[in-house]
Structures are given as structure tokens and as C-alpha cells.
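Colleague: I have not looked at this one before. Can you walk me through it?
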Amino acid sequence: MDYQYKKSNGEFIHCYGDICEDANYFVSCYDEYQDAEFYDIDPKHNTWKRVCDHIIAQMPNCDIQQIEAG
């Protein structure tokens, strides 16, 4: 694990991989039917915290468990 993001409910999102300009992000949720992939995220999201904040804002009703950069 490369980073742990603490959610507002006290649980953590486990983050794996290296953030780079052309990375894709694979999101795993508690409910596997809500899993998602994010492509071409704005380069200003250049830290795991910024990536997590952005993805949580896009998926507010999902219980995100893990994000992997690939």
C-alpha cells in the first residue's frame, strides 16, 4: 500500500501505485457493482489525497475501499 486516505466516517481507502499524468484509476467499492474506472484525471490531482478527494466527489454515494493507479 502506498497511501491511506482517511474518510470522514473514520474508515480508510487503501491506495496503490504511482500517480502520473497519464495514469488510470481503478476504484473498488464495498458494493462491487459500483466499481469504476477513471481516465484522464486533471494533472492538478498530483497527490493521492487530491486523487481521493476528486474521486469521492464524483462518487459520493459509494463506499470506496481501494483505488489503484495503473
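Modeller: The side chains of K7 and D63 form a salt bridge, with N to O at 2.7 Å. Keep in mind that this is a predicted model.

Colleague: Where in the chain do K7 and D63 sit?

Modeller: K7 is in the loop between β1 (3-6) and β2 (12-16), while D63 is in the loop between α1 (48-58) and β5 (64-69). The two are 56 residues apart, and the pair links distant parts of the chain.

Colleague: Is K7 buried or exposed?

Modeller: K7 counts as buried, at 12% relative accessibility. D63 counts as partly exposed, at 27%.

Colleague: Which residues are linked with K7 in a network of salt bridges?

Modeller: E11 and D63 are linked with K7 in that network. The side chains of K7 and E11 meet at 3.6 Å, N to O. E11 is partly exposed, with a relative accessibility of 37%.

Colleague: Why would such side chains pair at all?

Modeller: Side chains of opposite charge can pair when their charged atoms come close.

Colleague: How many salt bridges does a search of the whole structure find?

Modeller: The search finds 3. One of them joins K49 and D53, whose closest N and O atoms are 2.9 Å apart.

Colleague: How are K49 and D53 placed in helix α1?

Modeller: They are 4 residues apart in the helix, so about one helical turn separates them. K49 is partly exposed, with a relative accessible area of 44%, and D53 is partly exposed too, at 30%.

Colleague: Staying with the helix, which residues of α1 are buried?

Modeller: The buried ones are W48, V51, C52 and I55. Seen down the axis of α1, these buried residues fall within an arc of 95°, so they line one face of the helix.

Colleague: And what do the buried residues of α1 pack against?

Modeller: They pack against β1, β2, β3 (25-29), β4 and β5.

Colleague: New topic, backbone angles. Which residue has a positive phi although it is not a glycine?

Modeller: D40 does, with a phi of about 55°. D40 lies in the loop between β4 (36-38) and α1.

Colleague: Is D40 buried or exposed?

Modeller: D40 is exposed, its relative accessible area being 71%.

Terms used. Residues are numbered from 1 along each chain as its sequence is written. This is a predicted model: local features need pLDDT of at least 70, side-chain atom pairs count only at pLDDT 80 or more; totals for chains, interfaces and linings use all residues. Side-chain values use heavy atoms; hydrogens and water are left out. A salt bridge is a side-chain nitrogen of Lys or Arg within 4 Å of a carboxyl oxygen of Asp or Glu. Buried means under 20% relative accessible area, exposed over 50%, partly exposed in between (1.4 Å probe, protein chains only). The arc is that of the directions from the helix axis to the C-beta atoms. Contact means heavy atoms within 4.5 Å.
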